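The structure is shown first.

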Amino acid sequence: MFNILYHELPNAIFDTLFMTISASFMALILGLPLGLLLHTTAHEELFPSFLIHCLLTIIIDSIRAIPFIILAFYLLPITRAVIGSGIGISSVIFVLTISATPFYARIAELSFKTVDHNLVEAVRSMGANRFQIIRYVLIPEALPSLITGFTVMVISLISATSLAGYLGGGGLGDLAIRYGYQRYNTIIMTIAIIFLIILNIIVQWTGDQIAQKLDKTKY
């Protein structure tokens, strides 16, 4: 058991961190603009467009409705075409990104909705154009909520990496299943779970601290 932990645990931790960080970064890059587009194309917003808003809503909600493991197997042909393989860490990151992007897009949309509409109208009445409103009002005002939502997404991705073993991705979840559950070794499974809990606590605490420092309402 100690030999397994010595050789496999560091690699499992690294794989979990690498998959989570990579997929989180990609989901942020893709999901934030989508969330902004969802918000600004809604009725009575900056760029109202029923067609774009409705189409994005259908696509995003459809992807969000599919459980991660089913989505992973469903996307296998696309994953092979894009990544070159259906298994491995790169494939897992690709699927995690596809799964997390619409999730964060919805979170971002809700964050932008928290911005006071009267503030937006006040800035607009002062002569600011729509892009200036996005840059200087919407994003700064929604930033604490965006950070909180990003934290929630990262934690959900840590949980999703637990299923990475089915795609040959490794990680703490894979360690718990292969060396813990399948070999009836409760200690290894418990240690893997403890490290997953520690990662969740660290991410949540860090996200809360950043969000609090950026929250202007507390000053």
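Entry 1. I worked from a predicted model. My search of the whole structure returned 5 salt bridges.

Entry 2. I looked up the pair Asp61 and Arg106, which form a salt bridge with their closest N and O atoms 3.1 Å apart. This pair links distant parts of the chain, for Asp61 lies in helix α2 (residues 50-64) and Arg106 in helix α5 (residues 89-113), 45 residues apart. I noted that Asp61 is partly exposed at 30% relative accessibility, whereas Arg106 is buried at 16%.

Entry 3. Within helix α5, I found Lys113 and Glu109 placed 4 residues apart, about one turn of the helix. Their side chains meet in a salt bridge of 3.8 Å, N to O. Glu109 has a relative accessibility of 3% and therefore counts as buried, the cut-off being under 20%.

Entry 4. Which residues are linked in a network of salt bridges? I listed Asp61, Arg64, Arg106, Glu109 and Lys113.

Entry 5. I then turned to helix α6 (residues 117-125), where Glu121 and Arg124 are 3 residues apart and so separated by about one helical turn. They form a salt bridge, with the closest N and O atoms 3.9 Å apart. Glu121 is partly exposed at 31% relative accessible area, and Arg124 is partly exposed at 33%.

Entry 6. Lastly, I examined a nonpolar surface patch of about 370 Å², made by Phe25, Met26, Ile29 and Leu30. Leu30 lies in helix α1 (residues 2-40) and is partly exposed, with a relative accessible area of 40%.

Technical notes:
Residues numbered from 1 in each chain as written. Predicted model: local features only at pLDDT ≥ 70, side-chain atom pairs only at ≥ 80, totals over all residues. Heavy atoms only, no water. Patch = residues over 30% accessible without salt bridge, like charges linked within 9 Å, V, L, I, M, F, W, Y side chains within 5 Å. Areas by Shrake-Rupley, 256 points an atom, 1.4 Å probe, with all protein chains shown as cover. Salt bridge = Lys/Arg side-chain N within 4 Å of Asp/Glu carboxyl O. Helix = DSSP H or I, 4+ residues; strand = E, 2+ residues; numbered from the N terminus. Buried < 20%, exposed > 50% of the residue type's maximum accessible area, 1.4 Å probe, protein only.
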